[in-house]
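Please walk me through this structure stop by stop. Tell me what to select next and what is there.

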Amino acid sequence: MEHQEESNRRPLAVRNIPVAKRIAVWLSQKNITPNQISLMSIAFAAMGFAFATGEHFWPTPIWLILFATAIQMRLLCNLFDGMVAVEGGKKTPAGELFNDVPDRVADPLLIVGAGFVTGSELGLSFAWVAASLAILSAYIRVLGFSMGCPADFRGPMAKQHRMALLTITLVVMAFSQWFEWLPSLSLYLMDGTLVLMVLGCVLTCWRRLVFIFNTKAQQEQESQIAPASPSAPTRESIVSEHNHD
């Protein structure tokens, strides 16, 4: 069971950074559970959504920076909940539940929130489509794992890719507004980002589905060519060998 949980863990190089390890150790020594950290990711996503609506009704670049910060804080929660659970030895029986469900809430909050900082009337529609596809891509990954396939975190628009794309766009928009760089381009930059996210999520879903199909086909082929285990001797064969002796 422990090996299965490890194989369902997203591979992240940042876990090997000494600073991240020290923070994880510090958190594991506090009265904080991994499940509480997972739930905090929803809180930061809700804050990001609030900052996005603030930008929509009272436009100012500071909302964009706060929105981008909330996205990164959400990702830090995603990083440290697993590190505290695994490296800190604080795994819980319901850990997988808290590891996955908050992501399904946080992703739509942040992606739909991004729709409020778009410049076109279709911006919010793009955001809803992107959020739905983000949930679908995660569902396909979990479905494949439940079918006996390795957990597939491939992109090109996995969670970390979506959040990086939103963060970069928000920072560029904020600096563009502050320094008046190409204001017309900045106005519709998030629209283009969400369209790119939609296309990337469609490709991600397709690649994960193909991976599941190919993996199951390979497993079926391997099961057919595997050598059959020797059958137990029958009564007739025992009698025949005894008579021969």
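**Stop 1: the nonpolar patch.** Select Ile62, Leu66, Val171, Phe175, Trp178, Phe179, Trp181, Leu182 and Leu185. Together these residues form a nonpolar patch on the surface, with about 880 Å² of accessible area. Two elements give two or more residues to the patch: helix 4 (61-86) and helix 7 (159-179). Helix 7 supplies the largest share, 4 residues. Bear in mind that this is a predicted model.

Valine 171 sits in helix 7. Its relative accessibility is 30%, so valine 171 counts as partly exposed.

**Stop 2: the whole chain.** Zoom out and colour by secondary structure. How many helices and strands are in the chain? There are 10 helices and 0 strands. Following the sequence, the pattern reads α-α-α-α-α-α-α-α-α-α.

The accessible surface of the chain is about 14100 Å², and carbon and sulfur atoms account for 68% of that. Of the 245 residues in the chain, 39% are buried. Look also at how the chain contacts itself. Take the contacts between residues at least 6 apart in sequence: 82% of them join residues at least 24 apart.

Keep 122-142 selected. This span is 95% helix and 0% strand, and its end C-alpha atoms lie 31 Å apart. Move to 185-206. Here the chain is 95% helix and 0% strand, with 31 Å between the end C-alpha atoms.

**Stop 3: threonine 204.** Select threonine 204, in helix 9 (residues 189-225). Is threonine 204 buried or exposed? Its relative accessible area is 0%, so threonine 204 is buried.

Show what surrounds this residue. Setting aside residues up to four places away in sequence, threonine 204 touches Ser137, Arg154, Gly155, Pro156, Met157 and Ala158. Zoom in on methionine 157. A polar atom of the threonine 204 side chain lies 2.8 Å from the backbone nitrogen of methionine 157.

**Stop 4: a cis peptide bond.** Stay with two of those neighbours. Glycine 155 and proline 156 are joined by a cis peptide bond, with omega at about 20 degrees. Where is proline 156 found? Proline 156 is in the loop between helix 6 (123-146) and helix 7.

**Stop 5: leucine 196.** Return to helix 9 and select leucine 196. With 45% relative accessibility, leucine 196 counts as partly exposed. Which residues does leucine 196 contact, leaving aside its neighbours within four places in sequence? The contacts are Met157 and Leu165. Threonine 204 also touches Met157.

Now draw a distance from leucine 196 to alanine 130. The two are 66 residues apart in sequence, but 9.1 Å apart in space, C-alpha to C-alpha.

**Stop 6: lysine 21.** Finish in helix 2 (residues 18-28), where lysine 21 has its place. Lysine 21 has 42% relative accessibility, so it counts as partly exposed. Beyond residues up to four places away in sequence, lysine 21 touches Arg15, Asn16 and Met83.

Draw one more distance, to phenylalanine 80. Lysine 21 and phenylalanine 80 are 59 residues apart in sequence, and their C-alpha atoms are 9.1 Å apart in space.

Definitions and conventions:
Residues are numbered from 1 along each chain as its sequence is written. This is a predicted model: local features need pLDDT of at least 70, side-chain atom pairs count only at pLDDT 80 or more; totals for chains, interfaces and linings use all residues. Side-chain values use heavy atoms; hydrogens and water are left out. Patches are made of residues with over 30% relative accessible area and no salt bridge: like charges are joined within 9 Å, nonpolar side chains (Val, Leu, Ile, Met, Phe, Trp, Tyr) within 5 Å. Accessible areas come from the Shrake-Rupley method with a 1.4 Å probe; for residues, only the protein chains shown count as cover. A salt bridge is a side-chain nitrogen of Lys or Arg within 4 Å of a carboxyl oxygen of Asp or Glu. Buried means under 20% relative accessible area, exposed over 50%, partly exposed in between (1.4 Å probe, protein chains only). A polar contact is a pair of N or O atoms within 3.5 Å; within protein, one must be able to donate a hydrogen and the other to accept it, and residues adjacent in sequence count only if both atoms are side-chain atoms. Contact means heavy atoms within 4.5 Å.
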